[in-house]
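Subject: Structure handover and contact notes

Hello,

Please find the structure below. My notes on it come after.

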Amino acid sequence: MLYGTRLRALSIATLVTMTAALALAFFYAPMDADQGFMQKIFYIHVPMGIVALCGFVWGGINAIQHLRTRDAKYDLRSYVAIHLSLILGAGVLVTGSIWAKASWGHWWVWDEPTLVSFLIVFLLYATYQPMRFSIEDREKQARYASVFAITAGAFVPLNFIAVRLAQAYTHPRVFATADGGLPAKMQLPFYLSLLGMTLLYITLWRYEMASKNTSAKLRALRRKLAGDDAVAPVGRTAAPSLPTT
Amino acid sequence: MILAQTTSALPDNTGYVAAAYLVFFALVLIYVVIMASKLARFERELTELNDVADERFGPSAPAARPAPEEAARR
Amino acid sequence: MSAPATEPASTAPDAAPPEPRYVPLRTAVRALLRKELALELRAPQAVPAMALFSVTTLVVFHFALQRGVVDGDLASGVLWVTLLFAAMLGISRLFVADHEEGGLDGFLLAPTDRTALLVAKAVGLFAFLVALEVVAVPAFALLLLGPSPSFGAYAQLAVLLLLADAGIALVGTLVGAIAVQTRTRDLIVPLMALPLLIPVVIAAARGTSPLVLQGGSQGLEVRWLFVLGLYDLVFGLLAYALFDYLIED
């Protein structure tokens, strides 16, 4: 399967959507009554969070496919999905921290259950790559990584429920704008930004899959042209590799 | 003090908003950089492989192939 | 989990030897569990280490918190952190003996469902955790706990402990099975298990707080039992679905 085929269309769509979303966010959406200008952070922070979480679950779904079909390509898809979500997740934590500083004067607050749950999920997925790296056998590495991805993917909703329960009794929900009840003029840029972020994720995912696919094909081509000796053996790596035929 | 922060004028909060958006763009641009270096590596490897193919099969005779004209037309 | 019927021995001269009798799940679990407990009883390593570690941790807490007594939220937190970290030791060691001495390979040859190993290990770990708590909770009450909870409060704490132990046992078995194949198993276990166990910590700590209040224990909120129950159910299903993939050869 070729992953690069729709990249150009996807990246253009991403560009258009995100630009429109951000333009609307800054010039069309009204200023928030309580938080003022800094509420604008919400237009990228929350979509990044939602897309990152969906990405983790998408990684889990691909992992299920991998265990069912034993096809290495699903393992690669899962790996890239989790890898991307982790990067977006880091962005969520940083932008969330900036928002907390702007709102509350502290670089981190425990009051926002969504952000706290996100930290826990991030810490969990951060073990994915080290775990992969420490299992040398490729097939075993892929299999164990899939089990982890499924467990962690199922853990995400459970974790959110638990953290929300923990907060409900001590702190009221502070960032109510993250919930429903958004004024109409704020909804359009928010949903547009969510769409743009999703397109961005898909674009980057295909980008990376195409890149890995190309690497594998290049290796295969090198082996065919120059013989087995010209191809350096793949050392220990956390990244899955496609079969080189 | 928090009251002063939330009701203060644009300057204070613009910095934070700008920082947050910069983080987002930085992440995307880092990706561009990584992909750029990968693309450079692919180009290098393909050129190398093309040379290896030439050695094995001999350089393709220009007259035998209509392909270069089509490539030029495109 | 259907059990194929055993092949009757054929009397024809060139018949294949009879298939091994398929071992039903309950028998396999009982045998494996007996082995786990026998090993631990014969050469106690995990439980004494966990128990000693918990007592030492309580002493460290005394100095770190600079207090002689704790109550309420603080007491709840101290108890659960101690139990959790002691559990990490148990999880790290759970599959080590099988992995190093070929027990896993032996099990794979046995004509039984792989789930038997999951159940046996999880129940074994659960038993070790209960044994740990038999030492750790009285030690905690003795060393650091200010108020003296009533018998009823202790009973409620016991229910909470049992539910939490089930969750820790299930997660621990999964993580232990993953970690035993890695080269950095002692590092991977806490890194992976602790985030996964945070819902347990949330529910257990919140549930325990009212039981150890200075002014006398208030009742245990049932909602935390439900959260723990839900967690145990989800991870039980996950472990059941995924464990087989971890111990293929």
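Predicted model: local features only at pLDDT ≥ 70, side-chain atom pairs only at ≥ 80, totals over all residues.

Residues are numbered from 1 along each chain as its sequence is written, with chains lettered from A and ligands numbered from 1 in the order in which they are written.

Chain A with chain B: 28 residues of chain A are in contact with 24 residues of chain B (contact: C-beta atoms, placed from the backbone, within 7 Å). On the chain A side, two or more residues come from each of helix H2 (42-69), helix H3 (72-104) and helix H7 (184-226) (helices: DSSP runs of H or I, at least four residues, numbered from the N terminus). That side has 16 nonpolar, eight polar and four charged residues (nonpolar: Ala, Val, Leu, Ile, Met, Phe, Trp, Tyr, Cys and Pro; charged: Asp, Glu, Lys and Arg; polar: the others, Gly among them).

Chain C with chain A: 23 residues of chain C are in contact with 23 residues of chain A. H8(C) gives the most to the chain C side, with ten residues. By class, the chain C side has 18 nonpolar, three polar and two charged residues.

Within chain C, H7(C) and H9(C) pack at about 25°, with axes 9 Å apart (axes: lines fitted to C-alpha atoms over the stretch in contact; angles: 0 to 180 degrees between N-to-C directions). The two helices are therefore roughly parallel (angles under 35 degrees).

Regards

Methods: Contact = placed C-beta atoms within 7 Å. Parallel < 35°, antiparallel > 145°, perpendicular 65-115°, else oblique.
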